[in-house]
Amino acid sequence: MILLVAEHANGKLSKSTLEMTTVARGMGREGAITLLVLGSNVASVAAQAALFAEQVLVADKPELAQYDAEVWAAAVAQIAREGEAHTILIGGGRSGREYSPRVAVKLDAPLIEDAITLADRNGALVAAHYTFLSRVTETVEAQGPVTVVTIKPGSFPPAQPASAAGEQYDAELDLPQPRLRITGKTAEKSERISLADADLVVSGGRGVESPEGFKQLVEALADQLGAAVGATRAIVDAGWRPYSEQVGQTGKTVQPKAYIAVGISGAVQHLSGMNKSKFIVAINKDANAPIFKIADYGIVGDVHQIIPAMIDELRK
Amino acid sequence: MRILTVVRQVLDAEESVNIQEGAVALDGRKLVLDTMDEYGVEEALRLREGAAAGAEVVALAIGPARTEEALRSALAMGADRAILVETETPLDVIAVSAVVAQVAQSEKIDLIFCGGQQADWDSHALGAATAERLQWPQATWTSLLALQGGMLSGKHDVDGGSESFAVPLPAVVTTQQGLNEPRYPTLPNIMKAKRKELRRVPLTEYGVSAKLRVVGVEVQVKQRRKNIIDGKDASAAAATLIDLLRHDAGVIG
C-alpha cells in the first residue's frame, strides 16, 4: 500500500494532505492509497480523509493529542510494517521532516526529503529535490522494498475528492512514552494572511532603516495589496520583526505569484527562501544589489520615496 | 560528560554554484564549516565552560580528506579533539547517521549537536536519524538551551510557532540561527588547533553503504525579466512598476 500520514489542524484536513494525495495518485505505483490519521478527537478529520483515499486508518487516542517525533515515528512504522507499505508519504513541514528520518531508520529504508517530483521508474522511486540552499535541483533514486518520502508543501496541486468514499478502520497501535516534555507553547499570530498561503508577499530588509520604517513601508504596502509580510534575517535578529515573518534558509520558504523585496540586498540565505517565486520585484537604492540579478521587475531608488509613491498609485 | 558535535564542510554561501561531471563543483572553491554546525560547536563549548564544566568536546566529520579543514576550524574554536571518518564516496544522510551513532557509542557520548539544516544537502534529517539509531530523544531547531542535573531545557521552533521543552540526557540537539553567536577563532587558538588530536578512520570500519543514488544534478536557472527602472522620479517609476505588475505580470488587480 501507499501510506500517507494525514496532516490536520483544528479538525480540518490540511492542504498538504491533499497535495500528498495528488502525489500518491500520480506516481505510477500500484497499491491502495491509505491515509493514516493520528490525533485525539479526529472523527471529522477521518471523515474528510475518507473522501480522498481508498482506506483510512484512524488512531484516535488522548495520548495522540500532542505531536511527538518518537510517538509519531513509532505509529507510522508500525502501520507501514503491518500494511506492507512500499511508499510512505509524509508532509514536508517541520514536524514531518523531524520524525520521517526516524521512520526511515526503523524500516531500514531510504529517505527522500522535500520532494518536488516523484515517480516510479522500473521499480525504483525517482524524485527531484532542491539542494545547496535551493540553488540546485538534484534527482535521486531509491531502490528497495520501502521508501520514505517527505513532500515539499506547495509543490503539487491539491487533489479532488475520489469518486467513492474510502473505508475507515481503527488502527491498533503500541505507542512509546514521549521523552521530550513540552513545558510551554507560543503560537505565531498575525492578523494578515499567512506567508505560506499568500499569492503576494511584501518583504523588508535593512533598507527600511527602522522598525517604524518597516511599518510605514512594508506593512502599509502589504495592507494595500492584501499581501503577507516577510522579513530578512538581519532585521529579525535586530528584533524589529518576529521570527515568524523570517523568509530564508532558517525561516520560511515561500513561492508566491509575486514577491516584493523592499530594501533587501539579497543574501544567498534569504534568496533560498524565495527564489522559486513566480515574479520577483525588487526596490533598492543599490543598483548592484544581488537581488536585482534574480528580479523580474525593479526600481533602483530610495524605498522611502518609492514605496509611498507605489501606495499612492495603487489608491488611484 | 562528553559532547559530540557533528560538522560538515560546505561550499561558502557566497560562492557561485556550477555543475561539473554530474556534481556541484567544489575544487578550488571556498569551503567552510557549515554555519549551522558552528552553532553546535559554540553551544558545546558554552556547556563545557558552564553547566557541564570539565566536559570533553569531540568534533566529528564524515567526508573526504579535505574535510580536515572544517574539523580544524572546530578545534580552533575550542573543541578538544576531532575524528574524521574518511570517504571519497558521497553518502546520503541516513547512511551518515549510522556512522555518527556508532561513533557516539564507542566514544560514550552523552549529548550530540547537529546542524538544523545542512547548506549542501538542504537536509533536516541527520539529528533525528542519529537519535533513532541510538534510541535517544531529540530536540530539533533549538534556539535556546540550558543544562541542569542531566536535563536539557530550552526553546525550539515547531510548525506554527515555538515550544519550551525539557528532555533528559542522552539526547540529540539540532541547532539553528539565534541559538548563540559563534566565537571567532583567535590566532593562538588556530595555532593550538594544529597540534590537537585529529584521528582519521576509514569509512570501511563502519560497514555502511549509501541508501540513495544521485542520478542528476542541475543548477536552477529561471529566466527572469530583469526589467529594472531608474527611480530618480519616484512617482513616475512607481506608476510604471504598478502598471507592469497589473498588465505585464498580471499579479495585482
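Author: Happy to; we can go through the chains, their contact and a few local details, bearing in mind that this is a predicted model.

Reader: Great. How many helices and strands are there in chain A?

Author: Chain A has eight helices and 18 strands. Its C-alpha trace spans about 65 × 45 × 40 Å along the principal axes, and 58% of its 316 residues count as buried.

Reader: What does the radius of gyration of chain A agree with?

Author: A compact globule of 316 residues would have a radius of gyration near 20 Å, and the 22 Å of chain A agrees with that.

Reader: And which domains does the assignment give for chain A?

Author: Domain 1 covers 2-170 and domain 2 covers 200-315. Their centres, taken over C-alpha atoms, are 34 Å apart.

Reader: How many residues of domain 1 of chain A are in contact with domain 2 of chain A?

Author: Four residues of domain 1 of chain A touch six residues of domain 2 of chain A. On the domain 1 side, these are one nonpolar, two polar and one charged by class.

Reader: Good to know. Where do the contacts in chain A fall in terms of sequence separation?

Author: Taking contacts with a separation of 6 or more, 62% in chain A come from residues 24 or more positions apart.

Reader: Let's zoom in on strand E16 of chain A. How many of its residues are buried?

Author: Five of the five residues in strand E16 (residues 258-262) of chain A are buried, so the strand is largely enclosed by the rest of the structure. A:Ala258, A:Ile260 and A:Val262 point one way, while A:Tyr259 and A:Ala261 point the other way, and all are buried.

Reader: Which strands do bridges join to E16(A)?

Author: Strand E14 (residues 200-204) of chain A is joined to E16(A) by five bridges, and the two run parallel. A:Ser203 stands opposite A:Ala261 there. Five bridges also join E16(A) to strand E17 (residues 279-284) of chain A, again parallel. In that pairing, A:Ile260 has A:Val281 as its bridge partner.

Reader: Nice. Changing topic: where does A:Leu51 lie?

Author: A:Leu51 is in the loop between helix H2 (43-50) and strand E5 (55-60) of chain A.

Reader: Why does A:Leu51 count as partly exposed?

Author: A:Leu51 has 18 other C-beta atoms within 10 Å, so it is partly exposed; a buried residue would need 20 or more, and an exposed one 12 or fewer.

Reader: Which residues is A:Leu51 in contact with, leaving aside its neighbours within four places?

Author: Those are A:Pro161, A:Ala162 and A:Ala165.

Reader: Over to chain B then. How many helices and strands there?

Author: Chain B has six helices and 15 strands. Of its 253 residues, 48% count as buried, and its C-alpha trace spans about 65 × 45 × 40 Å along the principal axes.

Reader: And which domains does the assignment give for chain B?

Author: Domain 1 runs over 2-206 and domain 2 over 224-253, with their C-alpha centres 45 Å apart.

Reader: I keep looking at helix H3 of chain B. How many residues has it, and how far does it reach?

Author: Helix H3 (residues 93-106) of chain B has 14 residues and reaches 20 Å from first C-alpha to last, close to the 20 Å expected at 1.5 Å a residue.

Reader: Why is H3(B) described as largely enclosed?

Author: Because 11 of the 14 residues in H3(B) are buried. Among them are B:Val93, B:Ile94 and B:Val103. After the helix comes B:Lys108, whose phi is positive, near 55°.

Conventions: Residues are numbered from 1 along each chain as its sequence is written. Chains are lettered from A and ligands numbered from 1 in the order in which they are written. This is a predicted model: local features need pLDDT of at least 70, side-chain atom pairs count only at pLDDT 80 or more; totals for chains, interfaces and linings use all residues. Helices (H or I, at least four residues) and strands (E, at least two) are DSSP runs, numbered from the N terminus. The radius of gyration is taken over C-alpha atoms; the globule rule is 2.2 Å times the number of residues to the power 0.38. Two residues are in contact if their C-beta atoms, placed from the backbone, lie within 7 Å. Domain bounds come from an automatic or database domain assignment. Ala, Val, Leu, Ile, Met, Phe, Trp, Tyr, Cys and Pro count as nonpolar, Asp, Glu, Lys and Arg as charged, and the others, Gly among them, as polar. The expected span of a helix is 1.5 Å times one less than its number of residues. Two strands pair if DSSP finds at least two bridges between them.
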